[in-house]
Amino acid sequence: MPHVKALPLIWFLVSGLILPVSLDAQALKGQWTGSFATTGDLWGGKTEYIMELDIRGSQVEGYSYTYFMISGKRHYVICRLEGNYDKGSRSISVTEVAKVKSNTPSDFKDMFQTHRLTYLRQGDVETLEGKWTSATPGDPNQSGETRLERRMLARVNPVT
């Protein structure tokens with residue numbers, strides 16, 4: 001019965017090839033922190049940006065959290081996100097579609113963004129990197145770069 005012993009090895013090899021493909025979308029689920037920069041920003045600053053993503057098939061939903069300073073006070077804007085996930089390129093395109101909450105001044109003008117990001121992994125650091133553009137109709141055509149990351153927790157073997 002040598003064929004029976006080879007079957008688990010073949011199943012292990014085949015599942016090893018199939019499983020990573022099916023986990024790609026789930027690998028992006030969760031919270032990503034980092035920043036975006038605006039092209040042409042004279043101060044060269046970066047704006048703190050967080051995305052919480054939930055991915056089901058090719059559909060992406062979630063929330064963005066933007067934090068910035070105006071006149072020495074820290075402000076935030078929380079937006080709902082919608083978009084798509086492309087398994088082949090391991091990339092997402094998400095657009096802020098509605099403001100959920102903010103503490104911005106009354107004269108502050110909201111600008112929704114579309115982020116086109118690609119998933120990369122180097123060691124224990126996962127990143128979503130790419131470009132953003134303005135998604136608010138009638139806004140000046142602003143754009144820039146986005147970089148978000150998520151550190152993987154190392155597994156620790158229990159002491160016996």
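Reply: Let us begin with a group of rings: ring pairs link Phe 36, Tyr 49 and Trp 132 into a cluster. The rule is that rings of Phe, Tyr and Trp (its six-membered ring) pair if their centres lie within 6.5 Å; planes under 30 degrees apart count as stacked, over 60 as edge-to-face and the rest as tilted. This is a predicted model, in which local features need pLDDT of at least 70 and side-chain atom pairs count only at pLDDT 80 or more, while totals for chains, interfaces and linings use all residues. Residues are numbered from 1 along each chain as its sequence is written, and side-chain values use heavy atoms, with hydrogens and water left out.

Me: How many aromatic pairs does this rule give, and what is the geometry of the pair of Phe 36 and Tyr 49?

Reply: The count is four aromatic pairs. Phe 36 and Tyr 49 form an edge-to-face pair, at 5.3 Å centre to centre and with 80 degrees between the planes. Phe 36 belongs to strand 1 and Tyr 49 to strand 2, so this pair ties together parts 13 residues apart in sequence. The pair of Phe 36 and Trp 132 is also edge-to-face, because the ring centres are 5.4 Å apart and the planes stand at 65 degrees. Trp 132 lies in strand 7 and Phe 36 in strand 1, so the parts tied together here are 96 residues apart in sequence.

Me: Are Phe 36 and Trp 132 buried or exposed?

Reply: Buried means under 20% relative accessible area, exposed over 50%, and partly exposed in between (1.4 Å probe, protein chains only). Phe 36 counts as buried because its relative accessibility is 7%, and Trp 132 counts as buried at 1%. Buried residues make up 29% of the 160 residues in the protein.

Me: Which helices and strands does the protein have, and how do they follow one another along the sequence?

Reply: Helices (H or I, at least four residues) and strands (E, at least two) are DSSP runs, numbered from the N terminus. The protein has one helix and eight strands, in the pattern α-β-β-β-β-β-β-β-β along the sequence.

Me: How do strand 1 and strand 2 pair?

Reply: Two strands pair if DSSP finds at least two bridges between them. Strand 1 (residues 30-38) and strand 2 (residues 46-56) are antiparallel, with eight bridges; Phe 36 has Thr 47 of strand 2 as its bridge partner. Strand 2 also runs antiparallel to strand 3 (residues 59-70), joined by nine bridges, and Ile 55 stands opposite Val 60 in strand 3. The hairpin of strand 2 and strand 3 has two residues between the strands, and Gly 57 there takes a positive phi near 65 degrees.

Me: Which residues other than glycine have a positive phi?

Reply: Most residues other than glycine have a negative phi. Among the exceptions here are Ser 71, with phi near 50 degrees, and Arg 90, with phi of about 55 degrees. Ser 71 is in the loop between strand 3 and strand 4 and counts as exposed at 79% relative accessibility. Arg 90 is in the loop between strand 4 and strand 5 and counts as partly exposed at 33%.

Me: Which residues touch the most other members of the largest nonpolar core?

Reply: A nonpolar core is a set of buried Ala, Val, Leu, Ile, Met, Phe, Trp, Tyr and Cys residues joined through side-chain atoms within 4.5 Å. The largest one has 17 residues, of which Leu 28, Met 51, Leu 53, Ile 92 and Leu 128 touch the most other members. Strand 2 gives the most to this core, with four residues. Contact means heavy atoms within 4.5 Å; leaving aside residues up to four places away in sequence, Met 51 touches residues including Trp 32, Tyr 63, Leu 81 and Leu 148.

Me: Where does Ser 64 lie, and which side chain does Ser 64 join through a polar contact?

Reply: Ser 64 lies in strand 3 and is buried, with a relative accessible area of 0%. A polar contact is a pair of N or O atoms within 3.5 Å; within protein, one must be able to donate a hydrogen and the other to accept it, and residues adjacent in sequence count only if both atoms are side-chain atoms. Such a contact, of 2.8 Å, joins the side chains of Ser 64 and Glu 96.
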